[in-house]
Amino acid sequence: MPLLSQTAIAGLLFAHSSMIATVPANAGSDAIDFSLTAHNGETFRLQELRGKVVLVFFGYTLCPDVCPIELQHMATALKRLGRDSTSARGLFITVDPEHDTPEVLAQYVGYFDNALLGLTGSGQQIEAVAKMFRVVYQKNSRSSSQYTMDHTANLFVIDQNGKLSTIVPFGFPAAHIENLMREMIATGG
């Protein structure tokens, strides 16, 4: 059986977007909070963003394809918000804290947009935050110096009250993310 290309998979996702474009997650659950180290070296707590729509994506800076694509979608969606951009923020949480130091993350997220905040921490901190979102990840070594990280590639959307509102599967276009954020900003959640 032939493997589908990433473009083909994305096309299938778009074709079925009305069925899986946004999946309600943890309806009625408590607000999420965590503390990690931001790419500027300062301690970051999610609760600092209460009142904003927050996009959360887990990945790593050496990711060859999925992470740059999703971060570009996030950055584009945030830029398109225009004056409403102050009501939203994008977070990139590394699943490779051994490599992705604050300095590495600062350079990496800077390629996309200043509205993105790179976050890292100890292995235990990352594992705890990933568990909150049911994100799984695993390091796959090719050699002593080369590896990839398999990881969940969903975009998590947190509402203004700090609750996980929606999960957007990988590959949905920036316009979809933008529209979702606009609706949440307009309705206050």
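Biologist: Is T94 buried or exposed?
Modeller: A word on the ground rules: this is a predicted model, in which local features need pLDDT of at least 70 and side-chain atom pairs count only at pLDDT 80 or more, while totals for chains, interfaces and linings use all residues. Residues are numbered from 1 along each chain as its sequence is written, and side-chain values use heavy atoms, with hydrogens and water left out. Buried means under 20% relative accessible area, exposed over 50%, and partly exposed in between (1.4 Å probe, protein chains only). T94 has a relative accessible area of 0%, so T94 counts as buried.

Biologist: Which strand is T94 found in?
Modeller: Strands here are DSSP runs of E with at least two residues, while helices are runs of H or I with at least four, and both are numbered from the N terminus. T94 belongs to the strand of residues 88–94, which is β5.

Biologist: Stepping back, how many helices and strands does the protein chain have?
Modeller: The chain has 189 residues, of which 45% count as buried. Among contacts with a separation of 6 or more, 71% come from residues 24 or more positions apart. The secondary structure comes to six helices and 10 strands.

Biologist: At what angle do the axes of helix α3 and helix α6 cross?
Modeller: Axes are lines fitted to C-alpha atoms, for helices over the stretch in contact, and the angles run from 0 to 180 degrees between N-to-C directions. The axes of α3 (residues 66–80) and α6 (residues 174–187) come within 8 Å. α3 is oblique to α6, because under 35 degrees would be roughly parallel, over 145 roughly antiparallel and 65 to 115 roughly perpendicular, with the rest oblique. The crossing angle is roughly 45°.

Biologist: How do the residues of the contact of α3 with α6 divide into nonpolar, polar and charged?
Modeller: On the α3 side the contact is made by E70, H73, T76, A77, L78 and R80, and on the α6 side by A174, A175, I177, E178, M181 and R182. Ala, Val, Leu, Ile, Met, Phe, Trp, Tyr, Cys and Pro count as nonpolar, Asp, Glu, Lys and Arg as charged, and the others, Gly among them, as polar. The division is six nonpolar, two polar and four charged.

Biologist: How many disulfides does the structure hold?
Modeller: A disulfide here is a pair of cysteine sulfur atoms within 2.5 Å. The nearest cysteine sulfur to that of C63 is the one of C67, 3.2 Å away, and C67 is likewise in no disulfide. Both cysteines are buried, C63 with a relative accessible area of 9% and C67 with 0%. The number of disulfides is zero.

Biologist: Which residues does V54 touch, not counting those up to four places away in sequence?
Modeller: V54 is found in strand β4 (residues 53–59) and is buried at 2% relative accessibility. S87 lies 33 residues away along the chain, and its C-alpha atom is separated from that of V54 by 8.7 Å. The residues that V54 touches are L46, L49, R89, L91, F156, V157 and I158.

Biologist: What is the phi of R134?
Modeller: R134 is found in the loop between α5 (123–132) and β7 (137–141), and at 66% relative accessibility R134 counts as exposed. R134 is not a glycine, yet its phi is positive, at about 60°.

Biologist: How far apart in space are N154 and V56, C-alpha to C-alpha?
Modeller: N154 is in the loop between β8 (147–151) and β9 (155–158), where it is partly exposed with a relative accessible area of 24%. Its contacts include V56, F57 and I167. Although N154 and V56 are 98 residues apart in sequence, their distance in space is 8.7 Å.

Definitions and conventions. Contact means heavy atoms within 4.5 Å.
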